[in-house]
Amino acid sequence: AKSEGKNNFQFYRDDLNVKAHDRLLLENRIRSAIEEEYFQLYYQPQVDVRTGELVGLEALIRWIDPEKGVIPPIEFIPLAEDTGMIGKIGDWVIAKACEELKAMHAQGLPNVKVAVNVSPYQFKHGAHLCEVIESSLKKYDLSSEYLSLELTESILIEDIEETILSLNKLKGLNITLAIDDFGTGYSSLSYLKSFPIDVLKIDQTFIRDILSDESDKAIVTAIIAMADQLGLDVLAEGVETQAHNDFLIEKGCHYAQGYFYCKPKPLDELVEFWLAR
Ligand code: C2E
Ligand code: CA
Ligand code: CA
Ligand code: CA
């Protein structure tokens with residue numbers, strides 16, 4: 001039994017070494033992807049459910065590796081966040097989103113906003129974040145009303161006083177602030193009214209089974225009603241079917257986003273798809 005325990009330990013330790021090694025490899029690959037700018041933004045429409053009008057485009061990053069092809073964010077954003085590399089990636093995303101939104105306005109999608117995901121690391125470095133936003137808007141001659149930031153609920157719970165100060169600074173730039181993945185974190189509902197936010201994005205896990213799951217139905221109905229009471233816009237993500245969409249319209253949800261409307265696509269494809277619809 002004793003030697004078996006030792007073997008298990010040996011196995012466990014080797015496994016950890018492999019993981020540490022893989023992590024280091026990935027970290028180096030991300031670092032060179034940043035230098036080479038091997039990233040691309042895909043865009044997914046955010047739509048007014050009643051009119052079908054395009055109101056926004058969420059920018060979703062992809063890593064385009066010359067050998068491995070398109071790598072989704074789940075495979076590199078967490079490590080980029082842990083190592084702080086997300087700082088540079090996030091700066092690139094903001095500037096690129098502004099540049100490409102300007103192009104999309106010119107290509108026939110006027111008056112549309114771009115929504116950018118902001119990570120906890122970026123939110124913690126708020127002064128830098130504000131500078132990058134201001135300089136990007138200026139560089140591409142975009143009005144601040146065209147930029148929206150998506151912040152996950154977990155960002156907002158750490159130090160409430162500090163969070164309110166940071167949010168007020170961002171809101172002072174006159175941009176739109178949305179809470180992403182709403183309902184999955186533990187943010188206290190009572191703080192919602194002290195946060196200068198504009199939009200609640202209902203997490204897609206609540207939408208998926210909304211026609212069959214009674215608790216999902218209740219949660220989504222309650223979030224829409226609460227948003228309404230607080231004067232916030234509400235956007236449902238992961239809308240995949242007509243039935244999802246019909247349910248949301250019936251409950252008074254304002255905006256939706258999901259495969260039912262359009263999958264995330266690179267700029268040119270998105271513009272072409274949306275204009276030909
Ligand atoms: P998120 O912000 O919650 O983005 C929504 C995710 O759901 C996207 O995955 C999108 O492609 C996917 N999605 C959209 N519609 C549907 C649908 O109808 N059904 C289903 N099943 N999925 C749908 P994606 O692009 O892989 O992004 C995953 C996550 O990576 C994002 O979740 C966001 O947290 C993060 N992310 C993406 N781009 C960035 C970025 O530029 N910066 C940071 N910090 N995070 C990013
Ligand atoms: Ca998002
Ligand atoms: Ca989300
Ligand atoms: Ca998410």
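Two calcium ions, ligand 2 and ligand 3, sit 4.1 Å apart, and D180 coordinates both. The model is predicted: local features need pLDDT of at least 70, side-chain atom pairs count only at pLDDT 80 or more, and totals for chains, interfaces and linings use all residues. Residues are numbered from 1 along each chain as its sequence is written, chains are lettered from A and ligands numbered from 1 in the order in which they are written, and side-chain values use heavy atoms, with hydrogens and water left out.

Take the calcium ion ligand 2. Its protein donors are E58 (OE), N117 (OD1), E150 (OE) and D180 (OD), at 2.2 to 2.3 Å. Donors here are N, O and S atoms within 2.8 Å of the metal, or 3.2 Å for Na, K and Ca; water is not among the atoms, so sites may look incomplete. Along the sequence the donor residues follow the spacing E-x58-N-x32-E-x29-D. E58 belongs to strand 2 (residues 54–65) and D180 to strand 6 (residues 176–182), so this pair ties together parts that are 122 residues apart in sequence. Helices (H or I, at least four residues) and strands (E, at least two) are DSSP runs, numbered from the N terminus.

D181 is partly exposed, at 24%. E58 is buried too. Buried means under 20% relative accessible area, exposed over 50%, and partly exposed in between (1.4 Å probe, protein chains only).

One of its polar side-chain atoms lies 3.1 Å from an oxygen atom of ligand 1. R62 also makes a contact: an N or O atom of its side chain is 2.9 Å from a ligand 1 oxygen. A polar backbone atom of I61 is 3.1 Å from a nitrogen atom of ligand 1. Alone, ligand 1 exposes 800 Å², and the protein buries 81% of that (Shrake-Rupley method, 1.4 Å probe). In all, 19 residues surround ligand 1 (a heavy atom within 4 Å), and the closest are Q44, R62, Q204, E240 and Y259.

Last, helix 3. Residues 86–106 form this helix of 21 residues. Its first and last C-alpha atoms are 30 Å apart, close to the 30 Å expected at 1.5 Å a residue. The expected span is 1.5 Å times one less than the number of residues. G108 follows helix 3, with a positive phi near 110°.

Conventions. Polar contact = N/O pair within 3.5 Å; in protein donor to acceptor, adjacent residues only side chain to side chain.
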